[in-house]
Amino acid sequence: MNVLITGASAGFGKALAERLVAKGHRVVGCARRLDKLNTMAETLGDLFLPVVMDVNDTASIPKIIADLPDGFEQIDVLVNNAGLALGTDPAQTANLDDWMRMVDTNVKGLMALTHAVLPAMVARDSGYIINVGSIAGSWPYFGGNVYGATKAFVKQFSLNLRADLLGTQVRVTNLEPGNVAGTEFSNVRYHGDDEKAAKVYDGFKTMTGEDVGDILLWLIESPAHINVNRLEVMPVAQTYNGLTIAKQDS
Ligand code: NDP
Ligand code: 8X3
């Protein structure tokens, strides 16, 4: 099987690439940092093709897909994983550039990849798109404003793809992880503030990028006649906290 992973240089994408190659699958590993991808290629060998891709540069994506070399040109599975959160400030003080970048990466990049890869899947009447959403796409939390909204887009886009793909054998899943440590996600969110990033995972047992890599592999290897529409996963320590009320002082 050939699997194209966006955001393959770190976190979930890297964990999945390692697992897929170990199972003999070919991986097109896409990200901006070629040095990280090349280091992976040294370990993973010829089954791993490093490809420089900035999903924010949506105009570049069709050519990157069209130019994939022999053996890698057919994408059987697209894992739209590249994404990021920037900041946890409330909307009234949040940075507009951060908001725009989250939309560009999490929404527009994912749309562009899907648009470039889906027609060939439909023509072959086979294929699988896995979008990496988040619990933030369903459950509001303080400071989640635009990040959660981008992941709500990813969820609804995934479900609408399922509607459009009626009658084809092309599958679509929205994977919705909760708290996961051990990736670069929190460090990116807090703009490189390691202390703040680490604090998110203090005092409880959370999930790891390796756990999510296992889940993604399980999805990819699931029987072709089953479609997992949405899969929400979180550590046992994390759960719902209900609505809240701001009481008046008097
Ligand atoms: P990481 O920050 O560890 O990895 C993100 C990956 O995305 C990197 O490989 C990065 O590579 C790539 N990336 C970022 N921006 C771009 C871009 N413009 N173009 C191409 N690649 C890009 O994060 P995670 O592995 O933790 O997260 C992966 C996905 O999972 C994201 O969509 C995130 O929103 C989602 N998620 C994460 C959770 C968590 O708690 N960790 C929980 C729920 C969902 P490079 O910098 O080399 O381009
Ligand atoms: C990342 C998970 O809980 O930080 O998507 O929003 S959370």
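Me: What makes the pair formed by Tyr141 and ligand 2 a polar contact?

Reply: In this predicted model, a polar side-chain atom of Tyr141 sits 2.6 Å from an oxygen atom of ligand 2. The cut-off for such a pair of N or O atoms is within 3.5 Å, so the pair counts as a polar contact. Tyr147 also places a polar side-chain atom 2.6 Å from an oxygen atom of ligand 2, and for Arg189 the value is 3.3 Å. The protein buries 83% of the 240 Å² that ligand 2 exposes when taken alone.

Me: What makes up the shell around ligand 1?

Reply: The shell holds 12 nonpolar, 11 polar and 5 charged residues. Among its 28 residues, Ser9, Arg32, Arg33, Tyr147 and Thr183 come nearest. Helix 1 and helix 5 (145–164) each supply at least two residues.

Me: Why is Asp57 called partly exposed?

Reply: Its relative accessible area is 38%. Buried would need under 20% and exposed over 50%, so Asp57 falls in between. You can find Asp57 in the loop between strand 3 (48–52) and helix 3 (61–66). Asp57 and Asp104 are 47 residues apart in sequence, with their C-alpha atoms 8.8 Å apart in space.

Me: What makes Leu37 a contact of Phe48?

Reply: Contact requires heavy atoms within 4.5 Å, and Leu37 is listed as a contact of Phe48, so some of their heavy atoms must lie within that distance. Beyond neighbours within four places in sequence, Phe48 also touches Ala17, Val21, Val27, Gly29, Met40 and Ala41.

Me: Where does Phe48 stand in the largest nonpolar core?

Reply: This core has 31 residues, and Phe48 is one of those that touch the most other members, along with Ile5, Leu16, Leu20, Val79, Leu216 and Ile220. Helix 8 gives the largest share of this core, 6 residues. A second, separate core of 24 residues includes Leu49, Ile75, Val117 and Leu161.

Note on methods. Residues are numbered from 1 along each chain as its sequence is written. Chains are lettered from A and ligands numbered from 1 in the order in which they are written. This is a predicted model: local features need pLDDT of at least 70, side-chain atom pairs count only at pLDDT 80 or more; totals for chains, interfaces and linings use all residues. Side-chain values use heavy atoms; hydrogens and water are left out. A nonpolar core is a set of buried Ala, Val, Leu, Ile, Met, Phe, Trp, Tyr and Cys residues joined through side-chain atoms within 4.5 Å. Buried means under 20% relative accessible area, exposed over 50%, partly exposed in between (1.4 Å probe, protein chains only). Helices (H or I, at least four residues) and strands (E, at least two) are DSSP runs, numbered from the N terminus. A residue is near a molecule or strand if one of its heavy atoms lies within 4 Å of it. Ala, Val, Leu, Ile, Met, Phe, Trp, Tyr, Cys and Pro count as nonpolar, Asp, Glu, Lys and Arg as charged, and the others, Gly among them, as polar. A polar contact is a pair of N or O atoms within 3.5 Å; within protein, one must be able to donate a hydrogen and the other to accept it, and residues adjacent in sequence count only if both atoms are side-chain atoms. Accessible areas come from the Shrake-Rupley method with a 1.4 Å probe; for residues, only the protein chains shown count as cover.
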